[in-house]
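Visitor: I like knowing where labels come from. Can you walk me through the terms used for this one?

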Amino acid sequence: MKKRDASILIVAIVVGFFALSSCKHTTSTELADSLDTVKGVTPIPEAQDVTMHLAKGSNSFFTLSFDGGHELEGWCIEWNEGTSFGLNKVTNLYSTRNHLDWREINYFMNIMKDLRANDPNLTYQDIQVVIWSLIDKPVFDVDKIDEYEHIPGRIYYNGNSYFNVQKVKDIVYQVKQAIANGERVETGVTLVENEGQTIMIGDETAFAVKTNATNDEQIIDSGYSACFDKQLLEDNFFPRWGWTNGPITEGSGSLKFNIYSEVGQCDLNNGTPVGELVVNYDGGTFTANYKMTKISKYTGKPYTMTETHLWVGSERYPTHDGKYSVAPDQYGNVNKHDRVTEFTYKITGLSGPVFFISHASVSGFNP
């Protein structure tokens with residue numbers, strides 16, 4: 001892993017300093033190259049010298065957890081460095097938020113969940129190669145991948161690419177065009193410095209669901225909430241988790257939904273409750289109040305939101321290009337936030353029963 005001072009990510013790996021079996025250095029120029037300054041980042045004061053467990057991911061390049069907590073998706077930003085799997089006791093976290101040099105990566109991580117929702121065939125290998133393609137240190141050129149010695153076998157092996165080259169190029173172009181056209185990026189990602197390569201994690205995704213308490217457990221109230229992977233409309237289901245809710249009729253009064261983060265397969269036992277959503281539909285106006293009510297074990301404070309997305313309409317899902325979609329950027333009501341704990345939408349001009357989908361990007365899952 002490249003060493004950093006208090007404010008700048010500095011590369012300082014010297015051949016022989018680390019006994020990582022998967023990290024091989026073969027050229028004499030790497031020592032000079034390793035002294036280059038990488039893009040600026042901000043240290044997270046509460047997240048220095050923490051303990052992390054790192055493993056290979058099945059739907060992401062890595063999975064990791066801090067101090068045995070919530071499992072997170074992780075991504076590699078240094079294709080040419082070795083990996084320190086297992087327990088890493090000296091781990092430091094940094095934020096890319098408000099650093100202009102990270103705009104492309106910040107933007108991509110901001111839209112990654114939407115890209116996945118719109119394209120169920122987008123693989124974690126595609127995503128990982130997009131990330132490498134957007135990082136300029138170390139330089140990565142997808143057209144020269146056969147020249148690189150240290151590409152993981154899960155991505156490329158013996159002349160075989162396990163990712164979609166054209167899809168990667170299209171996404172990279174989309175990101176670069178958005179930034180060139182002045183797209184504002186107010187959120188950031190977290191970089192993890194450990195004994196191996198640098199790891200990147202984003203905010204967690206969360207959806208609202210109606211639940212009932214039974215024997216001290218929460219179960220999904222199927223009268224209100226249905227998982228995206230259920231075929232609720234003819235020939236329409238989505239291979240990802242999240243819930244569409246309703247129908248809600250006018251005059252039903254205030255209804256409380258729980259907000260859960262990272263609920264794999266819509267199984268509440270796999271997720272983390274982070275807050276509540278209270279909705280009210282009366283007089284043609286639908287009000288949705290997001291509130292983070294749960295305390296993060298890492299920060300000792302409530303979880304916070306960096307984005308919220310709300311769909312309200314007469315159908316279970318919004319449409320995009322004539323097709324139903326569960327991508328949050330298609331919900332019609334979108335706001336970015338500076339790590340807030342509460343936000344309210346008020347949608348007017350409605351009539352008849354309505355459905356809604358409530359999504360948030362949530363921070364608070366790392367120290």
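What follows is a chat about labels and the cut-offs behind them.

Guide: First, the ground rules: this is a predicted model, where local features need pLDDT of at least 70, side-chain atom pairs count only at pLDDT 80 or more, and totals for chains, interfaces and linings use all residues. Residues are numbered from 1 along each chain as its sequence is written, and side-chain values use heavy atoms, with hydrogens and water left out.

Visitor: How many helices and strands are there in the protein?
Guide: There are 4 helices and 25 strands.

Visitor: What makes β13 and β14 a pair?
Guide: Two strands pair if DSSP finds at least two bridges between them. Here 4 bridges join β13 (residues 211-214) to β14 (residues 217-220), and the strands run antiparallel, so by that rule they pair. One of the links has Thr 214 with Glu 217 as its bridge partner. The hairpin has 2 residues between the strands, and Asn 215 takes a positive phi near 50 degrees.

Visitor: Why is the pair of Phe 207 and Phe 228 called edge-to-face?
Guide: Rings of Phe, Tyr and Trp (its six-membered ring) pair if their centres lie within 6.5 Å; planes under 30 degrees apart are stacked, over 60 edge-to-face, and the rest tilted. The count comes to 19 aromatic pairs. Phe 207 and Phe 228 sit 5.4 Å centre to centre with 90 degrees between the planes, so edge-to-face it is. Phe 207 lies in strand β12 (residues 204-209) and Phe 228 in the loop between β15 (225-227) and β16 (243-248), so the pair ties together parts 21 residues apart in sequence.

Visitor: And what makes Tyr 281 and Phe 286 tilted?
Guide: Their centres are 6.2 Å apart, with 55 degrees between the planes. That angle falls in neither the stacked nor the edge-to-face range, so tilted is what remains.

Visitor: How do you know that Phe 207 is buried?
Guide: Buried means under 20% relative accessible area, exposed over 50%, and partly exposed in between (1.4 Å probe, protein chains only). Phe 207 has 0%, and Phe 228 also has 0%, so both count as buried. Ala 206 in strand β12 is buried too, at 0% relative accessibility. Across the 367 residues of the protein, 52% count as buried.

Visitor: Why is helix α3 called largely enclosed?
Guide: In α3 (residues 124-134), 11 of the 11 residues are buried, so the rest of the structure largely encloses the helix. Among them are Tyr 124, Asp 126 and Trp 132.

Visitor: Which residues have the most contacts inside the largest nonpolar core?
Guide: They are Phe 66, Phe 108, Ile 131 and Phe 286, in a core of 82 residues. Such a core is a set of buried Ala, Val, Leu, Ile, Met, Phe, Trp, Tyr and Cys residues joined through side-chain atoms within 4.5 Å.
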